[in-house]
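Dear colleague,

Please find below the structure that I am handing over to you. My notes on what was found in it follow directly after.

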Amino acid sequence: MLAGYPLLSLTIWVPIIAGMVVLATGSDRNAPLARLLALVGAVAGLAVAWPLWSHFDAGTADMQFVEFSSWIPALNINYHLGVDGISMPLLLLNSFTTVLVVLAGWRVIETKVAQYMAAFLIMSGLINGVFAALDAMLFYVFFEAMLIPLFLVIGIWGGPRRIYAAVKFFLYTLLGSLLMLVALIYLYFQANGSFEILDFHALPLTLPVQILLFMAFFLAFAVKVPMWPVHTWLPDAHVEAPTGGSVILAAITLKIGAYGFLRFNLPITPDASHYLSGFIITLSLVAVVYIGLVALVQSDMKKLIAYSSISHMGFVTLGIFLFNTLGMEGALVQMISHGFVSAAMFLSVGVMYDRLHSRQIADYGGLANRMPVFAALLMLFSMANAGLPGTSGFVGEFMVIMAAVKVNFWYAFLAASTLILGAAYTLWMYKRVVFGAIVHDSVRTMQDLVPREFAFLAVLAVLVLATGVYPRPLTDVMSSSVANLLAHVAQSKLP
Amino acid sequence: MTHMQTLYLMVPLAPLAGAVIAGLFGWMIGRTLSHLVTIAGVAVAFVCSWLIFQDVQAGHVYNGTVYTWMTSGNVRFEVGFLIDSLTAMMMMVVTFVSLMVHVYTIGYMHDDPGYQRFFSYISLFTFSMLMLVMSNNFLQLFFGWEAVGLVSYLLIGFWFTRPTAIYANLKAFLVNRVGDFGFVLGIALVLAHFGTLDYAAVFAQAPAHAGDTINLWKGSPVSLMTAITLLLFIGAMGKSAQFPLHVWLPDSMEGPTPISALIHAATMVTAGIFMVTRMSPLFEMSQTTLSFVMVIGGITALFMGFLGIIQNDIKRVVAYSTLSQLGYMTVALGASAYSVAVFHLMTHAFFKALLFLSAGSVIIGMHHDQDIRHMGGLRKYMPVTWITSLVGSLALIGTPFFSGFYSKDNIIDAVKVAMEHGEPGAGFAYFAVLACVFVTAFYSFRMYFLVFHGKERFHRHHAENSHDEPHAQTHDDHGHGHDAHAHTPHESPLVVTVPLILLAIPSVIIGFLAIQPMLFGHYFDGVITINSTLHPAMQTLAEEFHGATAMALDSVTTLPFWLAVSGVALSWFFYMKRPDIPAAIKNRSGLLYRIMENKYGFDQFNDWFFSGGGRALGRLLWQVGDVRLIDGLAVNGSASLVGRLSMVIRRWQSGYIYHYAFAMIIGVFALLMWFVRT
């Protein structure tokens, strides 16, 4: 019944057009209208994305909801869209997170409201494009274009050092993606003038060429994930970004890096992927342990959560490069879960920041006395961040640790250190912020959650718990695509 | 779904429903309704457990899936129940003690503003603990394992404004996570080598893997079973507070007393004992692990017992006694006397919950003063608490016919057999558990005499009331040393004393009644696996057992009995007759006393090495690695390099024509040279 509708195009263009409309409301005199239109646009975006989940055929690894039309015939560049079990959940996560971001900025953003909301809506559409594109050039366009709104969000609505952070973020990611462009053009000629990603997958390549291509893609995506040691833009970007920017950064854009590994590195250069897996796994484990320790000593809540994000993303890259079902599905589950949990953590910090205008742990203490509802929700999210069973945070980490033992006991050993480190940095922060007696008078004036804040945190709480108690729907959707990808990677592409 | 399956589901879900209602809607439905609904939930669980217990006794074992949590590849991760005699016994203990604690809480937490929250937590705990014991697979075991840890964390920090409480709960969680670190790796090894996490399937395959080895280091293979069981046992060391992961349990006394009884004495801390018993088919395959278990248990039993002697906080005495008794259970596991360990788990659950709750009753009576030096002569004012405390203490020290006697004596005998059979580590363990009989009797009756007998010391001390329980902050009619309120102790209300009496009954009789079926009958048939040729303890004990009465009567000729008697006698002499002697000993043995007062220095070491070291390392990696090297050198360094380079190059664009002309001439000259050369 949905066969006739260009669903993927809708998920891309509905938010973008909504963003244009919001932008047209112009100055802040129309801010209430801009907010309302933005919410309508975001909800509409989620509504058109929903059928992708409900009508998804989990039994096949083929691309679904495929759309194809010519874009630049001279270069054989096409508007080719489609999703599989790997990209579909991410697309839905993005559309969902956009609604959260609009709600989070509802009262907080008071200047250039229309522009702020529009930036997020347009970004949402562009990110959906990244996940849905099957043409490499189309992918590249979306991949680069989504940087612009994010750059603007940090640079305009950010904190005092926003320009430094925005430029650092932009240069870091641009540097990586330029090499990817070179790789794509090389592949274009190898594939006899085709930018089809699926054609690239079938291309036989020698090992040295594969390694060069792998490294080109690796740079682009490792920066995005971000992997150690190209991660230092993330804490700065998070600290300076407004809450909404942090949420999108953590919940969505980091996933683009991991998605890139799955869509480009593994299937296009399988031999190089195996050849270099030890290197990637090492970097991932460094991320888990080193970054976990760094997170421990942060005094800025946003920085702490940013470092914790890097550490959690270490599980994603680790899981991907273990080359077994449990590891890869674990990585995907971890991506979705991290989307929920990091969004919730950053929104929670936003809730506190809106009241006290400080991100410093030392400025809080004893919040539970004034904000019991918030304290309870933050406890849940902190436990999810620490990977407690029953929350979504556990599922992915557990799967990846289980998978790592099969490959090498010591991989699992180092990865499992997150059980201690993750609990230490998360709960120590929780203790200093929420528990204790009130020491600062400013905390005494803090009010508990307003209904709008309660709504978005409660929805996330439900998702975190539901995914933790019953993750099966998620893994069922992924299984065919993951099996297909693993089978593909297991075959050598050496000519 | 059959009727029994409905019952199985009811057991964990009824307390969960109570917890959810009291937790989410407690503010709406009020205090009375909150405690009614949670108590009803646990009561339903208790009744269902009783019915299930009867059914299991009739020979019905259930092993089935509730739902599939997740599938990945060809592995199914499931939530399911295994209902056999071990599970049924644990369900009875958990629901009964939990029910008693729920009722008791009405009295104990009467004035606390977090009343509903407290009931919600203890019901949530009951749910988690039941999921743990009812599990039929490792995954759900880990779920319950972590969930009880979470609730323990929440409850230790229940009075979250107190710095000591929120220090203790973080410490408890992190130390438990160290154990879980091993536990999760053990589970991962099971999955990697067995391809399933289902108990039955793993146990069935285990014999085939007996000789397997894994290469942890190149060229030095390790027995797979040893690796798995050691890692699993590390988990048990965290949860069951075994040396050196014991450090969290004494501090957990910062929580309200009802949860000290329920979580930190009767149920949660015994999860490790339960787990090892459940895994007996695996543990039986590694003598290395069993010896390790025995030694760890021995160390915990004896050295934690010593610390019980010098504690002055009534709850801490009981806490160290719990550590010591957990050591006993662990020793029994190591001697392959799994059923004895579980038997002691059960008797201990009753008498230790009793001791904690009566300690709580004393604390109520003393207006929240916990220092036993401020008590004395309370038997006149609190007769019910006095008698029930005496019963608990007698059971704890192993008085013949009391429940603790049967379980503890069998542990000692089992280790003795293990020692005579030459199992490594058993010699030390035997010495430890034997010596600890004396220590246990001494510290138990030191407390008993100081609290209930002798001079009344509370009148002198009420001015420096120690406020170890923080009710003081929430309602000021207790404590703060104001004299308007009479500080004469008083007996606690019925909701407190009735649970004490109901717990005192099994503390006396359960050992006598249950020893025959549980240890030497067929109760645990098909649940516990013992390799009797290698580990003959249980077989030998069964041959020597001639009924519960005979065992108790014979015991008066044995060493443990006289050790206990002399412990009681010495404490009577020291604390009733000549209180100057312990004071003199304390002054003379300065260093030894200081070591013991610092709890052997573990807390200081952990704070310095792990906590401080971790933060120092984190700061180093951050400041040197991230800030200086990556950002300073690589990122901003390359940016400033570009900047500096362009500063240099910019100078060349001077704008003077003769500069450009000169450069051109040099360029042309250089080109000419090049062409001339080739």
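A residue is called buried if 20 or more other C-beta atoms lie within 10 Å of its own, exposed if 12 or fewer do, and partly exposed in between, with C-beta atoms placed from the backbone. This is a predicted model, in which local features need pLDDT of at least 70 and side-chain atom pairs count only at pLDDT 80 or more, while totals for chains, interfaces and linings use all residues. Residues are numbered from 1 along each chain as its sequence is written, and chains are lettered from A and ligands numbered from 1 in the order in which they are written. Helices (H or I, at least four residues) and strands (E, at least two) are DSSP runs, numbered from the N terminus.

I begin with the backbone. Most residues other than glycine have a negative phi, and most peptide bonds are trans. A:His357, however, has a positive phi near 55°. A:His357 lies in the loop between α15 (325-356) and α16 (367-370) of chain A and counts as exposed because it has 9 C-beta neighbours inside 10 Å. In chain B, the non-glycine residue B:Ser336 has a positive phi of about 65°. The loop between α13 (314-334) and α14 (338-365) of chain B holds B:Ser336, which counts as buried because it has 32 C-beta neighbours inside 10 Å.

Turning to the strands, β1 (residues 64-72) of chain A is joined to β2(A) by six bridges, and the two run antiparallel; strands pair if DSSP finds at least two bridges between them. A:Ser70 stands opposite A:Asn78 in β2(A). The two strands, β1(A) and β2(A), form a hairpin with four residues between them, and A:Asn76 in the turn has a positive phi of about 55°. Five of the seven residues of β2 (residues 77-83) of chain A are buried, so this strand is largely enclosed by the rest of the structure.

Yours sincerely
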